[in-house]
Amino acid sequence: MTVSSAPGKVYLFGEHAVVYGEPAIPCAIQRRATVRVDPRSDGVTRVEAGDLTLDGFTVEYTQSVEDHPEIDVPEHLLSAATGYIDVALEQACNAVADPATGFDVAIESEIPLGAGLGSSAAVAVATIDAATRAMGTELPPERIAELAYRTEREVQDGQASRADTFCSTMGGAVRVEGDECRNIEAPELPFVIGFDGGAGETGELVAGVRKLRERFDFAAETIRAIGNLVRAGERAVERGDRRELGRLMNFNHGLLEALGVSSYTLDEMVWAARRAGADGAKLTGAGGGGCIVALGDGEQLLTALDATAVCVDAFQAELDRNGVRAEGA
Ligand code: PMV
């Protein structure tokens, strides 16, 4: 039995603008998906999702995902469990000399699903690491990041950026620009995350920004302004200047709001965190609903977010310098 875990992420700066070639800075957070893999030799794959912060369920299927058994869970949960894992296992099998024909897989995740915290990337990364090690091959992290990126790209019909999978594999703060991803030095970053229980529709939100950008020069300028802000943010990360980081996070949220991707619930949580003394706060990910990230010291921000009616969950999650790692069985 082999066990690996990989972290989720927040965007410190740059979501949406990154789609148009501007840089972005995602950061790994101390919230992990843990995947246990046992190879089998009978062609059957069994996936147990004990805790995806949703009801637990088990699915069993032979190598083809088309062979789903009748099972009483919503279709999107079934594809969450089988889609990413099936393709991640396929990528893992292609990367080893002697692939297994089936697997027992058990997943536990502390990362809310579909909330912009990179849960699917963390599951893909941990699955690939655990499965390849279970089949006797230790892959370098760059290769794991590449295979996890291919997994997301395949499951998401070609719509994936390298940011989530690279960040989850390597940990720490990452600078992404086009296909170029690299770690950057970062200070301690105490994050508090607020979750409204919902999730925006990433494809629709990205399409909405694209339309605005085509129609209005000032929307295109807003996207370029986010790029410039990220470059200033990168220098602030490297200097370890938390106050400046907070200021820039606030600025970034304002620009995202101007692009129409914030929401009432996200704005409420952002303001609750700011009023409670956060250095800064912004939405993270595609927007429309989901999560905000605030920079600041814990308790006060947590209390303020918990007291906000629209916030269903608030938690601390420091920058995680560790990416994917082997866990004791
Ligand atoms: O919500 P997430 O974590 O999947 O992030 C989406 C980030 C976008 O920049 C809006 C889209 C993208 O593919 O980069």
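Predicted model: local features only at pLDDT ≥ 70, side-chain atom pairs only at ≥ 80, totals over all residues.
Residues are numbered from 1 along each chain as its sequence is written, and side-chain values use heavy atoms, with hydrogens and water left out.

Reader: How many helices and strands does the chain have?
Author: Helices (H or I, at least four residues) and strands (E, at least two) are DSSP runs, numbered from the N terminus. By that count the chain has 9 helices and 12 strands.

Reader: What share of the residues in the chain is buried?
Author: Buried means under 20% relative accessible area, exposed over 50%, and partly exposed in between, with a 1.4 Å probe and protein chains only. The chain has 329 residues, and the buried part of them is 56%.

Reader: Which residue just after α4 takes a positive phi?
Author: Just after α4, a positive phi of about 75° is taken by G171.

Reader: Why does the ligand lie between domain 1 and domain 2?
Author: Domain bounds come from an automatic or database domain assignment. The ligand lies between the two domains because residues of its shell come from both domain 1 (2-184) and domain 2 (190-318).

Reader: Which residue has a side-chain N or O atom 2.8 Å from an oxygen atom of the ligand?
Author: A polar contact is a pair of N or O atoms within 3.5 Å; within protein, one must be able to donate a hydrogen and the other to accept it, and residues adjacent in sequence count only if both atoms are side-chain atoms. Backbone atoms also take part: A286 has an N or O atom 3.0 Å from a ligand oxygen, and G116 has a polar one at 3.4 Å. The side chain at 2.8 Å belongs to K9.

Reader: Which residues beyond four places in sequence is E244 in contact with?
Author: E244 belongs to helix α7, residues 242-258. With neighbours within four places in sequence left aside, E244 contacts A236 and R239.

Note on methods. Contact = heavy atoms within 4.5 Å.
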